[in-house]
Amino acid sequence: MAMTGTVPFEEALAARISLIKPSLSQVQDCLEKRPPRISPGIADLIKTLIANNTEVFLVSGGFRQMIEPVAFELGIPTENIIANRLLFGTSGEYAGFDTTEPTSRSGGKAVAVQQIRQDRGYKTLVMIGDGATDLEAWQPGGADLFICYAGVQMREAVAAKADWTVFEFQELISELPQLNTSQ
């Protein structure tokens with residue numbers, strides 16, 4: 001429900017993770033048995049952006065431990081990940097999650113994107129996402145353009161407000177020569 005914007009993200013996150021309470025070994029086991037799947041075309045898009053000297057960031061309400069393998073596979077440096085962090089005790093038992101991460105609460109992606117813009121001095125910043133929390137990043141001082149990716153899940157409320165909705169990343173790759181996303 002957080003993805004559709006009907007429940008504050010921090011409430012949905014806390015409720016979901018409190019049901020699971022994953023240990024470090026369970027997270028590692030999950031990654032081993034069910035490695036993250038990458039949407040078709042995203043690797044080509046990121047490769048094209050990087051080849052054109054465009055930095056790519058992963059801003060996610062998910063957990064860093066699950067996102068780092070994706071970033072590695074896509075060639076995105078870990079310092080370009082802004083995501084929640086699971087916390088573990090000395091024996092690997094679940095100890096909560098880092099509530100100081102901006103992405104742990106509603107509006108957090110907007111804060112993260114604003115921080116990226118401020119830190120890097122970008123003139124233009126584009127956000128690609130599929131949920132209400134991604135759309136929140138599209139505001140003054142944040143993303144200049146919001147592209148709704150509907151290739152996995154079409155969220156009508158998000159697509160209706162987006163500058164552009166795509167179902168395949170190839171649509172973006174085809175338009176890159178016309179877009180100036182490097183600043």
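Is Phe-169 buried or exposed? Phe-169 has a relative accessibility of 5%, so it counts as buried, since the cut-off for that label is under 20%. Bear in mind as we walk through the structure that this is a predicted model.

Let us stay with the aromatic rings for a moment. There are two aromatic pairs in the model. One is formed by Phe-63 and Phe-97, which sit edge-to-face, with 6.4 Å from centre to centre and 70° between the planes. This pair links distant parts of the chain: Phe-63 belongs to strand 1 (residues 58-63) and Phe-97 to strand 4 (residues 94-97), and they are 34 residues apart. Phe-63 is buried, and Phe-97 is buried too.

The other pair brings us back to Phe-169. Its partner is Tyr-149, and because the ring centres are 4.0 Å apart and the planes meet at 15°, the pair is stacked; the limit for stacking is under 30 degrees. Tyr-149 is part of strand 6 (residues 145-149), whereas Phe-169 is in helix 8 (residues 169-175), so the pair ties together parts that are 20 residues apart in sequence. Tyr-149, with 9% relative accessibility, also counts as buried.

Now turn to the helices. Helix 2 (residues 24-33) packs with helix 4 (residues 64-74) at an angle of about 35°, and their axes are 10 Å apart. Their crossing is right-handed. On the helix 2 side you will find Val-27, Cys-30 and Leu-31, and these meet Gln-65, Met-66 and Pro-69 of helix 4.

After helix 4 comes Gly-75, with a positive phi near 80°.

Strand 2 (residues 81-84) holds a residue worth a look, Asn-84. With a relative accessible area of 0%, Asn-84 is buried. Leaving aside residues up to four places away in sequence, Asn-84 touches several residues, among them Phe-63, Arg-64 and Gln-65. Its contacts also include Phe-9 and Leu-13, as well as Glu-101, Thr-103 and Ser-104.

What about the cysteines? The structure holds zero disulfides. Cys-30, which we met in the contact between helix 2 and helix 4, is partly exposed, with a relative accessible area of 32%. Cys-148, by contrast, is buried, with a relative accessible area of 0%.

Finally, let us look at the backbone in two loops. Most residues other than glycine have a negative phi. Lys-21 has a positive phi, near 45°, and is found in the loop between helix 1 (9-20) and helix 2. Asn-53 is not a glycine either, yet its phi is positive, at about 60°. Asn-53 has its place in the loop between helix 3 (42-51) and strand 1. Asn-53 is exposed, because its relative accessible area of 68% is over the 50% cut-off.

Notes
Residues numbered from 1 in each chain as written. Predicted model: local features only at pLDDT ≥ 70, side-chain atom pairs only at ≥ 80, totals over all residues. Heavy atoms only, no water. Phe/Tyr/Trp six-rings, centres within 6.5 Å; stacked < 30°, edge-to-face > 60°. Helix = DSSP H or I, 4+ residues; strand = E, 2+ residues; numbered from the N terminus. Buried < 20%, exposed > 50% of the residue type's maximum accessible area, 1.4 Å probe, protein only. Axes fitted to C-alpha atoms, helices over the stretch in contact; angles between N-to-C directions. Left-handed = near helix turned anticlockwise from the far one by under 90°. Contact = heavy atoms within 4.5 Å. Disulfide = S-S within 2.5 Å.
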